[in-house]
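Biologist: Please show me the model. I would like to ask about its packing.

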Amino acid sequence: MGGFLTHLADKLAEKWLSLLVLPGLLFLAAASCARLLHHGAPFDHRPLTAALRHAGPRLHEPASAVLALTGVLLAAAGAGLTARCLAAVVQRVWTGPWPAWAAVPARVITRSRRDRAARSPEPPAVTRYLPARPTWIADRLRLVDDRVHAEYGLRIALLWPRLWLALPPEQRAPVDAARRAFAEAAALTAWGLLYLPLGLAWWPAGLAGLVAAAAGIRQGRAGAAAFADLAEAAVDVNQQLIAGLFGLTPRDGRITPDDGARVNDRLNKGA
């Protein structure tokens, strides 16, 4: 038991260090540069060297050094926690639904995206496949439910938790990887957003923030698309498994829309 707790503590410390402290230390370094440097000489090391020399004598005392190190680590962890909270907000913006106070911009953005799609050289042949959410990612995830419902009559939001419990590990692994990639993309975007205000005082930080946010958005779209494709594929290739879970007899190896409607009613508890 003691060995297990030690191993668990080591893993937690490793996670804390890699997810919070190290990115937070880099952010604190950028914030220090933003405070001490300026746009005209963004890479002049002399102000940094002077600040370190000024702090040097104070750090010779063990108590002061320990307090300074503790403060830096706590500040770095605080920055990391802030980034994680912001990453959750980023995921909410990407996937929706948006809160009530943002209903008006959500409708405006959605209408604009829908109009652009309708005027495109190759608009969707089915109206339900036109944009209906303010973000591309939210629409991509929505289309999984629409496509599965159109083909099998099933609602993926009701089916997925039950199907996930029955999927074999080799099918779960790529879905887990896509979800982790999506979460990491949201975290990268959040760090980019935190760096952007520093660019007001030190332009390299703003540039780094723009690059990080752009890369995070791109990776987020890729992760969401991969997850959507895998979730839809899981329904396509597990028709017999789904039928067995709900006592259905699939016709020609597939679930019919009538079967899907009965499954939806059962999972929705008749509501």
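This is a predicted model: local features need pLDDT of at least 70, side-chain atom pairs count only at pLDDT 80 or more; totals for chains, interfaces and linings use all residues.

Modeller: Residues are numbered from 1 along each chain as its sequence is written, and side-chain values use heavy atoms, with hydrogens and water left out.

Biologist: Is helix 6 roughly parallel or roughly perpendicular to helix 8?

Modeller: Helices are DSSP runs (H or I, at least four residues), numbered from the N terminus. Helix 6 and helix 8 pack at about 75°, with axes 11 Å apart. Axes are lines fitted to C-alpha atoms over the stretch in contact, and angles run from 0 to 180 degrees between N-to-C directions. Angles of 65 to 115 degrees count as roughly perpendicular, so helix 6 is to helix 8 roughly perpendicular.

Biologist: Which residues of helix 8 make the contact with helix 6?

Modeller: Contact means heavy atoms within 4.5 Å. Helix 6 contributes Ile156, Leu159, Trp160 and Leu163. From helix 8 come Ala231, Ala234 and Val235.

Biologist: Is Asn264 buried or exposed?

Modeller: Asn264 lies in helix 10. Buried means under 20% relative accessible area, with a 1.4 Å probe and protein chains only. Asn264 has 11% relative accessibility, so it counts as buried.

Biologist: Which residue's backbone oxygen does the Asn264 side chain reach?

Modeller: Beyond its neighbours within four places in sequence, Asn264 is in contact with Gly153, Leu154, Arg155 and Leu158. At 2.6 Å, its side chain reaches the backbone oxygen of Gly153.

Note on methods
Helices (H or I, at least four residues) and strands (E, at least two) are DSSP runs, numbered from the N terminus. Buried means under 20% relative accessible area, exposed over 50%, partly exposed in between (1.4 Å probe, protein chains only). A polar contact is a pair of N or O atoms within 3.5 Å; within protein, one must be able to donate a hydrogen and the other to accept it, and residues adjacent in sequence count only if both atoms are side-chain atoms. Angles under 35 degrees count as roughly parallel, over 145 as roughly antiparallel, 65 to 115 as roughly perpendicular and the rest as oblique.
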